[in-house]
Amino acid sequence: MSELRQSKYIDITTDYGFKKVFGSDTNKDLLIAFLNELFRGRKIIADLYYNKNEHVGDTEDIGTVIFDLTCKADNGERFIIEVQRTAQDNLKKRMLYYSSKLIADQAPKGNRRAWNYAISEVYIIVLMDVFAMPDAGDEKYFLHDICLCYRDHGKIFYDDLGFIYVELVNFVKAEAELVNDLDRWLYVLKNMSSLNGLSTYLRKPIFEKLFQLAEYSKLKPEEREMYNVSLRNKWDAESIRSSQEDQLKRAREKAMAEGKAEGKAEGKAEGKAEVIKNLLSSNKFSISEIAELADVTVEFVKQIEAEKAKGK
């Protein structure tokens, strides 16, 4: 396979780059430093261990890097973190599934009464590269720090399960605007492959190590091959995602136009119902996507789907 034209540093958001930087004991100080910035003082990780469940992708979810980590805090506490550089599909549900699995796997096979549900804290951390948080609307947050809380007044209900989503597409600070190490980490993650060297804004020992590790010229031939494949995979995935977004945009415009035309002739609800039936028949969109396209609730789409199945 021919070698791609390369920048000085590898793209850390590729599967290979993410694993090279964050996925080994020799470089775990980099991951610890990054995680501590994400926790912003709530937790201070002193050490971490890569559990046997650490893997890269699987047959159903190609392009995902997952690190299953046991972390030791500076006060002796132990908790579990799962770090992912992940794809967009079913993001929230997949993260809920992974967190549930990390909790369920802690249960002993026997003597649960003695165990008494002594569940460790669990955190899911997701690096989102070129796509936005689902249902974020016009929000432009680059860090989503989520926990279980009361719906009415916002008081935390359970503090030992958390989700941190890093939305790089919304991180737009220039080097001169970086004010803390979290900013510096996110800037490097987003821009590493386009940088030419370590600037004064990034001149700290932890970033000096990162830049040395990420130099493309220092990769062995087999490592270059793996990185090139990973980079192509990222580009292919981005091309597919972009194409799907364009298709969704065109479908949204068509649905709105059809909805207006049919709504005038048949009434607003009836017109939208017909649009929804057409979208369901295309087998190209999920229930939630159709609800967004037609500007209706998911429940309404499910109702039309049930009626369509009955032949109405």
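Colleague: Which residues do ring pairs link into a cluster?

Modeller: Heads up, this is a predicted model, where local features need pLDDT of at least 70 and side-chain atom pairs count only at pLDDT 80 or more, while totals for chains, interfaces and linings use all residues. Residues are numbered from 1 along each chain as its sequence is written, and side-chain values use heavy atoms, with hydrogens and water left out. Rings of Phe, Tyr and Trp (its six-membered ring) pair if their centres lie within 6.5 Å; planes under 30 degrees apart are stacked, over 60 edge-to-face, and the rest tilted. The ring pairs here link up Phe18, Phe22, Phe34, Tyr50, Phe67, Trp185 and Phe207.

Colleague: Are the rings of Tyr150 and Phe157 stacked or edge-to-face?

Modeller: The whole structure has 17 aromatic pairs. In the Tyr150 and Phe157 pair the centres are 5.6 Å apart and the planes sit at 90°, so this one is edge-to-face.

Colleague: And is Phe157 buried or exposed?

Modeller: Buried means under 20% relative accessible area, exposed over 50%, and partly exposed in between (1.4 Å probe, protein chains only). Tyr150 has 39%, so Tyr150 is partly exposed. Phe157 has 57%, so Phe157 is exposed.

Colleague: Which residue in S7 does Cys149 stand opposite?

Modeller: Strands are DSSP runs of E, at least two residues, numbered from the N terminus, and two strands pair if DSSP finds at least two bridges between them. S6 (residues 143-149) and S7 run antiparallel, joined by seven bridges. In S7, the residue opposite Cys149 is Ile156.

Terms used. Helices (H or I, at least four residues) and strands (E, at least two) are DSSP runs, numbered from the N terminus.
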